[in-house]
Amino acid sequence: MAVTLDKIIKVYTFLNEDLADPRTKDLFLIGNLWCVPFMNIFYLFFANKVGLKFMEKRQPYEINRIIQIYNVLQIIINLYLFFMVSYAMWLINFNFRCEPIDYSNTPNNILICRLTWYYFLLKIVDWLDTIFFILKKKQNNVSFLHLYHHSAVVLGTWIGVKYVPGGQAILLGILNTFIHAIMYTYYLLSSMKINVQWWKKYLTQLQIIQFLILTYQFSLIFVVNCNYPQWIAIIAVTQNVTMLLLFVDFYYKTYLIPANTVAAWKIKANDVSAELNPNGKLKEQ
């Protein structure tokens, strides 16, 4: 028993301290192995059980003004991170094909570590999307895709901050903050009763393009001679391929199937019209 406990402690110490980046290990929510995974479990439990039970006999909350303020803040923060990450990429002369992690304590690298941590915290704030859906009784929006996306992104960014802040993954931050700034602008305008439904399809297309780019970029780690942890690249490629498949499936079911159904009904209606006389009776065969 004592030997087993000693091994567990050694593994925990290795994962939590030896393998961790010393520049980020003392940051909020980064210093241990249990806090963020536990938060993720609670988030999923709340979304699937606690939240539904809480709203079971309640009317939807009128929180449109709160959501509008939230959307404005999300736009501002995402744009701030987008421009700051762009600036950081320029400072280090970012290489798309291979950007190793620089573990030095130069001001540029400390800035990148901080921005990575801010991005991680923002992904936790994104969980408010789910809470707002539940409080408004829009449970249909809390789909498997929604929960998987919000849960996996928090875990992924936490791993990034704890072990590999910066490097190849910087591109993820700039793409994602740009798309989220547009996405929350769409949410804000929709909440103000401005008709921007036509944005929705193109937002999904942007997200699909994002996952394609990131899958390709992280796959380059296995092709070029790049000093970037391959275990991180494996996680990144797996995650982005999974998200790509889920979003393509969503796009197909949401936009392509209905369009094909409408087209089929139009063809059928035209065929029926062709069989009718001007008086509305069927033509004799």
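**Aromatic pairs in a predicted model**

A search of the whole structure, which is a predicted model, finds 19 aromatic pairs.

Q: How are the rings of Phe211 and Phe247 placed, and what is the pair called?
A: Planes under 30 degrees apart count as stacked and those over 60 as edge-to-face, with the rest tilted. Here the centres of Phe211 and Phe247 are 5.3 Å apart and the planes stand at 50 degrees, so this pair is tilted.

Q: Which parts of the chain does the pair link?
A: Distant ones: Phe211 belongs to helix 8 (residues 197–219) and Phe247 to helix 9 (residues 230–274), 36 residues apart.

Q: Is Phe211 buried or exposed?
A: The cut-off for buried is under 20% relative accessible area. Phe211 has 6%, so Phe211 is buried. Phe247, at 7%, is buried as well.

Q: What is the arrangement of Phe250 and Tyr255?
A: Their ring centres lie 6.3 Å apart with the planes at 90 degrees, which makes the pair edge-to-face. As for accessibility, Phe250 is partly exposed at 31% relative accessible area, whereas Tyr255 counts as buried at 17%.

Q: Which residues form one aromatic cluster?
A: The cluster consists of Tyr70, Phe132, Tyr184, Tyr186, Tyr187, Trp198, Trp199 and Tyr202.

Q: Where does the charged end of Arg58 sit?
A: A charge is read against the ring centre and the ring normal: NZ of Lys or CZ of Arg must be within 6 Å of the centre and within 35 degrees of the normal. The charged end of Arg58 sits over the ring of Phe54, 4.0 Å from the ring centre. Likewise, the charged end of Lys162 sits over the ring of Tyr163, at 6.0 Å from the centre.

Definitions and conventions:
Residues are numbered from 1 along each chain as its sequence is written. This is a predicted model: local features need pLDDT of at least 70, side-chain atom pairs count only at pLDDT 80 or more; totals for chains, interfaces and linings use all residues. Side-chain values use heavy atoms; hydrogens and water are left out. Rings of Phe, Tyr and Trp (its six-membered ring) pair if their centres lie within 6.5 Å; planes under 30 degrees apart count as stacked, over 60 as edge-to-face and the rest as tilted. Helices (H or I, at least four residues) and strands (E, at least two) are DSSP runs, numbered from the N terminus. Buried means under 20% relative accessible area, exposed over 50%, partly exposed in between (1.4 Å probe, protein chains only).
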